[in-house]
Amino acid sequence: MTGGIRTRGARVLLPLGSLLALSGCATLGLEHPPTATYSLPTVEKPSATSKAPAAGGSALTDAQAQAALVTESDLGSPWAAAGSIATWRDGMLKATSQVAECQRLLDALYSDQVLGAPARVAVALDDPDAGAQLRYQIGARRPSDVDADLKWLGEMPAKCARFTATTQTGWTEDVQVSDLPLPEVGDKRQGLRVTLTATDPENPDADEQSLTLELAAARVGEDAFALTNGGTGDVPNDATQAAVQIGALRLADVRRQGRAQV
């Protein structure tokens, strides 16, 4: 399995290198992220003298938001455009918990509104080899609202470290939530790893069902993105790490090009 991860990592390095060359992001400075164990480069946090976007600046246009999305070509084979919504979304994420904060997390994951509102634009990608689906979205909220969402997500490993939920079919889920290290990109970021293990209380001999979901969200200046990468098998974490880094670089590049055209 370790060999497979290295192969996937190698596939995503080329698109990222091309993006850096095209966008001129070398001027932002690159360093290896201390919190992620993958060799992809990331954007260094801007210095105090770096020019930040003006407060209340214009939102991304529809074309800019679409251009900022991560695509299957960024992640490389075997990732491809998703043909449909993953069946485990209804089967595992549509569940109820007696704990209000934990219910809010389940609802956000199920509705695909990690940043608290419908996405501006979104894309879904499938990895058929791993049986995983990655859903990536550009948010449409004010930076202060995004920061509040990120703060709330950061509280989940403490408030909802482990809780019980019930699926629509009556199965009992053991849900565990932990921090997910992310590359040091953007102004603020938060990652979570959520594992759900469901059993049938009416049939103890029935096979359990499991789902692993990686969640990442970040604010890059006035813009923000979020993604979930989930599956019933071994979720490719290298794709999560790559999407976070590429997504941050692309948002910064789209903004830079927009300012240059003004």
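Pro 78 is located in the loop that runs between α3 (72-75) and β3 (80-81), where helices (H or I, at least four residues) and strands (E, at least two) are DSSP runs numbered from the N terminus. The peptide bond leading from Ser 77 into Pro 78 is cis, with omega near 10°. The model is a predicted one, in which local features need pLDDT of at least 70 and side-chain atom pairs count only at pLDDT 80 or more, while totals for chains, interfaces and linings use all residues. Residues are numbered from 1 along each chain as its sequence is written, and side-chain values use heavy atoms, with hydrogens and water left out.

Phi of Asp 112 is near 65°, a positive value in a residue other than glycine. Asp 112 has a relative accessible area of 13% and is therefore buried, the term meaning under 20% relative accessible area, with exposed meaning over 50% and partly exposed in between (1.4 Å probe, protein chains only).

In the protein chain, the secondary structure comes to seven helices and eleven strands, and buried residues make up 48% of the 262 residues. Among contacts (heavy atoms within 4.5 Å) between residues at least 6 apart in sequence, 66% join residues at least 24 apart.

Two packed helices are described by the angle between their axes and the distance between the axes. For α5 and helix α6 (residues 143-159), the angle is about 120° and the axes are 11 Å apart; axes are lines fitted to C-alpha atoms, for helices over the stretch in contact, and angles run from 0 to 180 degrees between N-to-C directions. The pair α5 and α6 is therefore oblique, given that angles under 35 degrees count as roughly parallel, over 145 as roughly antiparallel, 65 to 115 as roughly perpendicular and the rest as oblique. Glu 101, Cys 102, Arg 104 and Leu 105 of α5 make the contact with Asp 149, Trp 152, Leu 153, Met 156 and Lys 159 of α6. By class, this contact of α5 with α6 has five nonpolar, no polar and four charged residues, where Ala, Val, Leu, Ile, Met, Phe, Trp, Tyr, Cys and Pro count as nonpolar, Asp, Glu, Lys and Arg as charged, and the others, Gly among them, as polar.

In soluble globular proteins, nonpolar side chains tend to be buried together. The largest nonpolar core comprises 32 residues, and those with the most contacts inside it are Leu 105, Leu 153, Phe 163, Val 177 and Leu 196; such a core is a set of buried Ala, Val, Leu, Ile, Met, Phe, Trp, Tyr and Cys residues joined through side-chain atoms within 4.5 Å. At least two residues of this core are supplied by each of α4 (88-93), α5, α6, β7 (162-167), β8 (172-179), β9 (188-199), β10 (209-220) and β11 (223-231), and the largest share, five residues, comes from α6. Apart from this core lies another, of 30 residues, among them Leu 75, Trp 79, Leu 180 and Phe 225.

Leaving aside neighbours within four places in sequence, Leu 153 is in contact with Leu 105, Val 114, Gln 190, Leu 192, Leu 215 and Ala 217. Phe 163, in strand β7, is buried with a relative accessible area of 6%, and with neighbours within four places again excluded, Phe 163 is in contact with residues including Cys 102, Leu 106, Glu 173 and Val 177. Phe 163 and Glu 173 are ten residues apart in sequence and 8.3 Å apart in space, C-alpha to C-alpha.

Thr 240 lies in helix α7 (residues 237-261) and, at 0% relative accessibility, counts as buried. Beyond neighbours within four places in sequence, the contacts of Thr 240 are with Leu 180, Glu 214, Ala 216, Leu 227 and Asn 229. Ala 252, also placed in helix α7, counts as partly exposed at 25% relative accessibility, and lies 8.7 Å from Asp 223, C-alpha to C-alpha, at a separation of 29 residues in sequence.
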